[in-house]
Amino acid sequence: MTENPLHAAPVILWFRSDLRLQDQASVQAALKTGQPIIPLYIWDETLATRPLGAASKWWLHHSLKALDEGLRSFGSRLIIERGTAQVILASLAKEYDVKTIFCSRTFDPAHEENDLHLENKLKASFLTLNRLNTSLLTEPNRVRTGEGKPFRVFTPYFKALQASGACDVDHLPENPSTDSWAAPAKWPHSQSIEALGLAPKLTPGGKDWSNGFGARFKPGERGARAALRGFLKHHLRDYDSGRDRPDLDLTSHLSPHLRFGEISPQRILLETDKAVRADNSLSMGTAKFRAELAWRDFSYGLLGQQPRLHEVNFRRDFDTFEWRQDDAGFKAWCRGETGYELVDAGMRELWQTGYMHNRVRMVAASFLIKHLMIDWRRGEQWFWDCLVDADPANNPASWQWVAGCGADAAPYFRVFNPITQAEKFDPQGAYRARYIQGYTHPSTGGIHKTVQNDLFGSGDTSPPSTAYPKPIVDHAFARQRALEAYKQRGQDDHAD
Ligand code: FAD
């Protein structure tokens with residue numbers, strides 16, 4: 001006779017950056033026990049890891065709400081706690097006679113170290129912490145060079161990743177039936193999601209900075225699946241040729257969903273492969289898209305090699321590089337007032353929507369680092385605070401790539417010309433017009449007249465300017481200055 005699950009001790013299903021119910025190894029493992037489940041989220045500010053940025057907090061707030069709704073549709077609910085994970089887990093376990101906890105691995109070395117410590121502590125109280133991979137195509141240390149070392153160059157990494165079979169997803173384990181969510185005999189007390197204070201506060205003028213985020217994204221598992229469906233149906237075909245065009249906006253916008261684990265990369269590959277099997281004309285787009293997804297795994301491999309990737313140059317010979325202190329330049333860049341339209345449109349897109357197109361991220365980051373010669377860490381931190389997809393691996397790895405101090409980095413002589421980049425990737429100015437009010441492309445009768453300068457709402461006290469700013473630095477001069485500085489630090493690459 002099987003034990004009535006209502007009387008069995010529950011297991012804890014501890015959610016972290018894996019805020020979904022489907023295709024989720026720890027959910028599946030918890031359901032498989034047949035025991036009641038206490039789904040739990042802990043807002044732990046005591047961890048010595050990087051605090052979430054403001055835009056990410058907005059996302060988390062809505063994602064937790066979506067997760068709770070999903071759980072409630074199965075007769076369950078999300079218990080929210082605030083405090084030190086170890087204390088909360090131990091106390092819940094004691095009260096509910098819990099013996100097993102399931103959670104996901106984050107692959108952030110700072111968390112991993114903490115988890116191992118936690119695992120040992122819990123073991124001493126006869127509690128088992130099961131940590132599973134729910135977020136990457138494969139665990140970073142599974143893919144190694146022939147000499148057993150972690151990869152530092154993407155192309156051979158991607159080949160090895162494919163050879164490992166991690167990208168061949170022809171099926172996913174079936175999700176256990178939804179009526180198997182047994183509830184504990186009594187629910188633990190839960191804080192409200194609102195009490196975590198994650199949603200941005202209104203500015204003194206009563207404005208909500210995050211309005212534009214919600215207009216663009218729908219956080220949560222359902223939003224993630226809808227984004228994937230829309231991408232496969234409308235944009236995958238042209239992804240290869242058009243992914244660099246911010247005006248066409250053909251990319252998947254899955255990054256924040258992946259960041260918070262609302263969809264698995266395996267599900268994305270599976271659905272993409274299904275689509276291409278049904279329509280072979282999608283094959284070029286699919287090949288490119290698969291490679292982009294693999295960059296994410298690659299970045300987590302780099303984070304494993306340099307746990308303080310957002311602070312420490314991957315190439316330590318960059319440590320003596322002399323960055324300029326230029327607060328006015330940094331402010332102009334943050335505000336989208338550099339006088340270079342593509343950079344400014346990108347920085348305004350970031351502020352208004354919590355997102356920026358990849359091509360424009362590269363141009364905007366290159367502008368800060370190479371035109372203004374400002375330390376990449378300042379830009380990385382701004383993105384960290386403003387991006388809804390701010391990712392502990394992808395963000396610093398990409399910034400270091402642009403700066404030239406990362407693994408497999410852009411060559412030092414690649415100084416993106418923001419004017420020609422705009423002409424090439426936003427030929428009619430549609431992207432710039434979207435974010436720079438009053439902008440008109442020269443082909444349709446002239447350049448920007450006035451500019452929308454209420455970007456920072458009443459959160460900023462400086463008076464709004466009324467005209468589009470002049471370039472804050474001359475491109476030719478800035479390019480030469482950057483090349484000289486990079487050459488001086490002994491860079492031996494050859495200029496093109
Ligand atoms: P798609 O083109 O549809 O790609 C699909 C997925 O592949 C993305 O969602 C993402 O998970 C992954 N991916 C794509 N490009 C990259 C890349 N270069 N590196 C790693 N993964 C990639 N991406 C983040 O997810 N978070 C960040 O914080 C982040 N910061 C960046 C900062 C800079 C300076 C630069 C140049 C790039 C950054 N990227 C970051 C990478 C890339 O810009 C975004 O992943 C992409 O723009 C997200 O849009 P999408 O989901 O439509 O991408």
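## Basis of the model

The model is predicted, and local features need pLDDT of at least 70, side-chain atom pairs count only at pLDDT 80 or more, and totals for chains, interfaces and linings use all residues. Residues are numbered from 1 along each chain as its sequence is written, and side-chain values use heavy atoms, with hydrogens and water left out.

## Domains and their contact

The domain assignment, whose bounds come from an automatic or database source, gives domain 1 (1–134), domain 2 (142–170 + 220–305) and domain 3 (316–488). Taken over C-alpha atoms, the centres of domain 1 and domain 2 are separated by 27 Å. Their contact (heavy atoms within 4.5 Å) takes 18 residues from domain 1 and 15 residues from domain 2.

The buried area, meaning the accessible area (1.4 Å probe) that two parts lose on being put together, summed over both, is about 1,400 Å² between domain 1 and domain 2, with 53% of it given by carbon and sulfur atoms. On the side of domain 1, the residues that lose the most area to domain 2 are R20, D23 and W59, which together give 39% of what that side buries. Two salt bridges (a side-chain nitrogen of Lys or Arg within 4 Å of a carboxyl oxygen of Asp or Glu) are counted between domain 1 and domain 2. D23 also forms a salt bridge with R225, where the closest N and O atoms are 3.2 Å apart.

## The largest pocket

A pocket is an open set of points on a 1 Å grid over the protein atoms alone, where a 1.4 Å probe fits, with protein on both sides within 12 Å along at least five of seven lines; lining residues have an atom within 4 Å of a point.

Domain 2 and domain 3 each contribute at least three residues.

## The second largest pocket

Of its 37 lining residues, S17, L47, T49, L52 and H111 are the closest to its centre.
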